[in-house]
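Visitor: I would like to learn how to read a structure like this one. Please take me through it feature by feature.

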Amino acid sequence: MLNIALPKGRLGEKVYAMFEAAGYECPAIRENSRKLIFENAEKGIRYFWVKPSDVSIYVERGAADVGVAGKDILLEYHPDVYELLDLNVGRCKMAVAAPRDFHDDGERTLRVATKFASIAADYYAGMGRDVDFIKLNGSIELAPILGLSDVIVDIVETGTTLRENNLEVVADILPISARLIANKASFKFKNRQLEEMLARMKEQVK
Ligand code: PRP
């Protein structure tokens, strides 16, 4: 049995469609239920829906053989997994954003609110700048509006959230997309199955 951790939500549905087209279908998953685990015994696969930021934890610890995680999560937490393939979906970018009227004098300590403290720290590390990182868990865009921070480091997809909150990108940090990842022991012991899955998934990447 191959265990596959899918990120719950819109990205997960796109990614499942890729697995399905690659021959790893599990029709029950399309029934809109609150169930979290779906199995196709005949194909020897089991899917489960996981909070996107938790996928790499399931894979690292072997509860899942493979999974799909954003490059943002891989860079932030450095899970000990193999990154097998860029699926070229869930594309967005990590960026610095600030209120439209923000002017950075470059001297004061810069207050940066973010969910991605490690990525943000790496980005500012080379700049010889005093930075105060404020770790938040969501709705990061609020921080500069309320004066909690000067800027944010966050994910920008369509840019709508920034626009609707009078913020703008001041610097791009990294492009992000979803990656197929594998547990290291699984890759060794279920190598034939995982190599085959990798080859078939490669054909689905657009
Ligand atoms: C992400 C990100 C931005 C938004 C960007 O938030 O943190 O807030 O999406 O998308 P856009 O550019 O298309 O508007 P998410 O939905 O994950 O929620 P949270 O960070 O507030 O938890």
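Visitor: Which backbone nitrogen does the side chain of Glu-76 reach at 2.8 Å?

Guide: Start with the general idea. A polar contact is a pair of N or O atoms within 3.5 Å; within protein, one must be able to donate a hydrogen and the other to accept it, and residues adjacent in sequence count only if both atoms are side-chain atoms. Here the side chain of Glu-76 reaches the backbone nitrogen of Ser-118 at 2.8 Å. It also reaches the backbone nitrogen of Ile-119, at 2.9 Å.

Visitor: What should I keep in mind about such values?

Guide: This is a predicted model: local features need pLDDT of at least 70, side-chain atom pairs count only at pLDDT 80 or more, and totals for chains, interfaces and linings use all residues. Residues are numbered from 1 along each chain as its sequence is written, and side-chain values use heavy atoms, with hydrogens and water left out.

Visitor: Is Glu-76 buried or exposed?

Guide: Buried means under 20% relative accessible area, exposed over 50%, partly exposed in between (1.4 Å probe, protein chains only). Glu-76 is buried.

Visitor: Which side chain of opposite charge is nearest to Glu-76?

Guide: First, the rules. Lys and Arg count as positive, Asp and Glu as negative; His and the chain ends are not counted. A salt bridge puts a side-chain nitrogen of Lys or Arg within 4 Å of a carboxyl oxygen of Asp or Glu. For Glu-76, the nearest side chain of opposite charge is Lys-135, 6.3 Å away, and Glu-76 has no salt bridge.

Visitor: Where does Glu-76 sit, and what is it in contact with?

Guide: Helices (H or I, at least four residues) and strands (E, at least two) are DSSP runs, numbered from the N terminus. Glu-76 lies in helix α3, residues 71–77. Contact means heavy atoms within 4.5 Å. Neighbours within four places in sequence aside, Glu-76 is in contact with Lys-115, Phe-116, Ala-117, Ser-118 and Ile-119.

Visitor: What is the strand order of the sheet of five strands?

Guide: Strands of a sheet pair through backbone hydrogen bonds, either parallel or antiparallel. Two strands pair if DSSP finds at least two bridges between them. This open sheet runs β8-β7-β9-β6-β10, with mixed pairing. Its edge strands, β8 (131–135) and β10 (167–176), each pair on one side only.

Visitor: How many bridges join β6 to β10?

Guide: Eight, and the two strands run antiparallel. Pro-99 stands opposite Leu-167 in β10. β6 also pairs with β9 in the antiparallel sense, over five bridges. There, Met-94 has Ile-155 as its bridge partner. As for cover, seven of the eight residues of β6 are buried.

Visitor: In which sense do β7 and β9 pair?

Guide: Parallel: β7 (residues 110–114) and β9 (residues 151–156) share three bridges. Ala-113 stands opposite Ile-152 in β9. Helix α4 (residues 117–125) packs on the sheet and touches β6 (92–99), β7, β8, β9 and β10. Its direction makes about 165° with that of β8. Such axes are lines fitted to C-alpha atoms, for helices over the stretch in contact, and angles run from 0 to 180 degrees between N-to-C directions.

Visitor: How many strands form the open sheet that includes β1?

Guide: Six, in the order β2-β3-β1-β4-β11-β5, with mixed pairing. The edge strands are β2 (37–40) and β5 (82–86). The twist averages 25° from one strand to the next.

Visitor: How many helices and strands does the protein chain have?

Guide: Eight helices and eleven strands. Of its 206 residues, 45% are buried.
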